[in-house]
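The structure comes first, and the notes on each follow.

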Amino acid sequence: MAMIEVSDLHVVFGTSVHAVRGVSFEVAEGESYGIVGESGSGKSTVLRAICGLAPTSSGAVRYDGAALKSPRQADFYRRVQMVFQDPYASLHPRHTIDRVLSEPLAIHGFTDRERRIEQALEDVGLGKGFRFRYPHQLSGGQRQRVAIARALILEPRVLLLDEPTSALDASIQAEVLNLLDRIRTERGLTYILVSHDLAVVAHMCERLLVMQHGKAVEELTRARLQAREATQPYTRDLLLASEGYRPLQDA
Amino acid sequence: MSLLEVEDLRISFPTRQGPVEVVRGVTFSLGRERLGIVGESGSGKSQTGRAILGLTPPPGKATAKRLEFDGIDLRDASAARWRSLRGIRLSMVMQDPKFSLNPVMTIGRQLIEAARRTSSRSESKDRAMAMLEAVQIRDPARVFKAYPHELSGGMGQRAMIAMMLITEPDLLIADEPTSALDVTVQIEVLRILDRLVNERGMGLIFISHDLRLVSSFCDRVLVMYAGQVVEEVKASELKQAQHPYTQGLYNCLPRIEGGQRPLPVLQREAGWAV
């Protein structure tokens, strides 16, 4: 059975901005699913609609077979957590890492917080030394690790990743992607990863959805993407553009 | 003959712990070609680009043994001399059109202001329109009358490029000119720059963090790490790069074809930054 099922999702902001126009997909348990598109394609909005941060105008989002209500129940957030794009903006600048990590534990009534915080920092490769620091004392990569620790501390089953590495340098991106990959294997998590970078999605996800102008263009498996078996011209353009620049005469 | 000669460029910023050098002895020369400067954040690549235009932000100080543009010594250039060079013979395109265009002036007025540096009032308008066409804006008349907020990122960046090129500079410094753009738009903007280098014989310094893009676009690449150039390679030979930093940076990129899992991680060595 599908872990997350999105069917005919529409998101309209205000009266005129139709950001998502009828997107449907299913993500099985333990699967890593990618959404690729350019800016304004609605890819992040789909993710935000799943976790209740964007209004669903019509269509449904199901988690584990059950349709989700708005606003979402606390139990949903215990199971589904999100990691945002910009680690500089997503951590409270005046909260220590300890406070960032203990807040979700307090909300969801976890006991032995002490141990869980230390464990969560350990899991993302930071160690106890970072516990009482402030975000401005950390580098971008370290902050993104904190954001991942904050999401993992509730032991969720699904992680929604919104461009988790696009604000990071290439070498740091590799470290964070490896971390996400390892955690998924260890804990059998389900991922939905949104990125503008086809290579990141191809590396991280078994299946992916290409979006443009709020619509799903096509769904591909990793193998078909690697074999360049895209059927839609837009996907082909995207594939070509990700290879870098080529002078016009031999294009 | 080379267009630009830079020898032992050093840029330092005063801090409470004493001056910190962010660029430490960069030397290169540029002909009428595409030179890429690649590095991670904090490697000093942008500061190098700014120093060539004398735009090191105070209290930073840039010094060099030699900094010559077309035979002109730029080190102690007077304000008047800079005025005669910047925007006319030397130009710069910045990363984000949102912050580098004047939000309360139409694109057309900004272009004419730039064009007026070298041509008469009557000529300027024609040149502005011609330039908008040259950067492949489909409806130049509309863009001419538009304010920056009415344009998309890709359009805004094209308008920026048009403004910087309207005086037909000999050297263009492009600092991450396409990083804020979508990949498909990015390729179109690069195509415009490429044509200008080929047709007008302009020199181009292309500063970017994207090794793959630079290696496919430029002729030559300088790889910077901790304020120094650790390696200079021909773009086509990047895969055979010698320095472990360049290799590490290239190998840690995920690939569509699939590659190693986990991705190889860059192991930094203290010796690189000495």
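In this predicted model, strand β3 of chain B runs parallel to strand β10 (residues 220-225) of chain B, and four bridges join the two. Strand β3(B) also pairs with strand β9 (residues 203-208) of chain B, again in the parallel sense, over five bridges. The points below take this strand and then a glycine in chain A.

**Pairing of β3(B)**
- On the β10(B) side, Ile37(B) stands opposite Leu222(B).
- On the β9(B) side, the residue opposite Val38(B) is Ser208(B).

**Burial of β3(B)**
- Strand β3(B) spans residues 34-38, and five of its five residues are buried, so the strand is largely enclosed by the rest of the structure.
- Buried here refers to 20 or more other C-beta atoms within 10 Å of a residue's own.
- Arg34(B), Gly36(B) and Val38(B) point one way from the strand, while Leu35(B) and Ile37(B) point the other way.
- Both sets of residues are buried, Arg34(B) among them.

**Gly30(A) and its surroundings**
- Gly30(A) lies in chain A, in the loop that links β2 (17-28) and β3 (32-36).
- Gly30(A) has 15 other C-beta atoms within 10 Å and is therefore partly exposed.
- Leaving aside residues up to four places away in sequence, Gly30(A) touches Gly188(A) and Thr190(A).
- Arg187(A) is 157 residues from Gly30(A) along the chain, and the C-alpha atoms of these two residues are separated by 8.9 Å.

Definitions and conventions. Residues are numbered from 1 along each chain as its sequence is written. Chains are lettered from A and ligands numbered from 1 in the order in which they are written. This is a predicted model: local features need pLDDT of at least 70, side-chain atom pairs count only at pLDDT 80 or more; totals for chains, interfaces and linings use all residues. A residue is buried if 20 or more other C-beta atoms lie within 10 Å of its own, exposed if 12 or fewer, and partly exposed in between; C-beta atoms are placed from the backbone. Two residues are in contact if their C-beta atoms, placed from the backbone, lie within 7 Å. Two strands pair if DSSP finds at least two bridges between them.
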